[in-house]
Amino acid sequence: LVAGYIILDSLQEISATNENAREALASIAKHRGEYQDAKARMIALEVRIGHQPPQLATDLEAAAKEAGIQIPETIERPTSPAGKNYLEHSLDVKLRKVGLKELATFLSKVETNPRLIAITRLQIRKAFGENAALDVEMTATAFERIKEDKRKKAAGTTKGKG
């Protein structure tokens, strides 16, 4: 009787495990398209980030030139780590007496740039005495993927000191 009970119990356990596996496979099959779309978007962003440091000021100047505006003042922020695999490069930009249409064109050009550039801060004020002119302050941020050899060297130096 004990042997029969042990065998019956193990068969029920195997049956439950198989049922859970079937449900998981059905769920994977149902949401496969969503997963593949998300993975494709992630790969596209990875390609846009790149391993070289971004030329943020140059990219913003090119977008401003295409929009027909000038960037009178930029302030580069220090590079900071963004997680384990990325470095964050930021640039504060000030635009003076810009029209709304030109600003929209500029932001569109920045968004469609081959390099991934995000506007992380945007402050818009109406310029004094002008009807349609705006004063804009923004922070543009781009990322750089850290190369494997740099990450290994940094990990090796911290382990050697301890």
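Helix α3 (residues 56-67) packs against helix α4 (residues 100-111) at an angle of about 140°, and their axes lie 8 Å apart. The model is predicted: local features need pLDDT of at least 70, side-chain atom pairs count only at pLDDT 80 or more, and totals for chains, interfaces and linings use all residues. Residues are numbered from 1 along each chain as its sequence is written, and side-chain values use heavy atoms, with hydrogens and water left out.

**Exercise 1.** Classify the packing of α3 and α4, then describe their contact.

*Step 1.* Start with the terms. Helices (H or I, at least four residues) and strands (E, at least two) are DSSP runs, numbered from the N terminus. Axes are lines fitted to C-alpha atoms, for helices over the stretch in contact, and angles run from 0 to 180 degrees between N-to-C directions.

*Step 2.* Classify the angle. Under 35 degrees is roughly parallel, over 145 roughly antiparallel, 65 to 115 roughly perpendicular, and the rest oblique. The helices pack at about 140°, which makes α3 oblique to α4.

*Step 3.* List the contact (heavy atoms within 4.5 Å). From α3 come L60, A63, A64, E66 and A67; from α4 come E102, T105, F106, K109 and V110.

*Step 4.* Sort by class. Ala, Val, Leu, Ile, Met, Phe, Trp, Tyr, Cys and Pro are nonpolar; Asp, Glu, Lys and Arg are charged; the others, Gly among them, are polar. The contact of α3 with α4 has six nonpolar, one polar and three charged residues.

**Exercise 2.** Is H89 buried or exposed, and which side chains make polar contacts with the side chain of H89?

*Step 1.* Check the area. Buried means under 20% relative accessible area, exposed over 50%, partly exposed in between (1.4 Å probe, protein chains only). H89 has 12%, so H89 is buried.

*Step 2.* Find the partners. A polar contact is a pair of N or O atoms within 3.5 Å; within protein, one must be able to donate a hydrogen and the other to accept it, and residues adjacent in sequence count only if both atoms are side-chain atoms. The side chain of H89 meets that of T79 at 3.2 Å and that of E144 at 2.9 Å.

**Exercise 3.** Describe D92 and K97 in strand β3.

*Step 1.* Take D92. Its relative accessible area is 17%, so D92 is buried. Its side chain makes a polar contact with the side chain of R77 (3.2 Å).

*Step 2.* Take K97. Its relative accessible area is 57%, so K97 is exposed. K97 is not a glycine, yet has a positive phi of about 50°.
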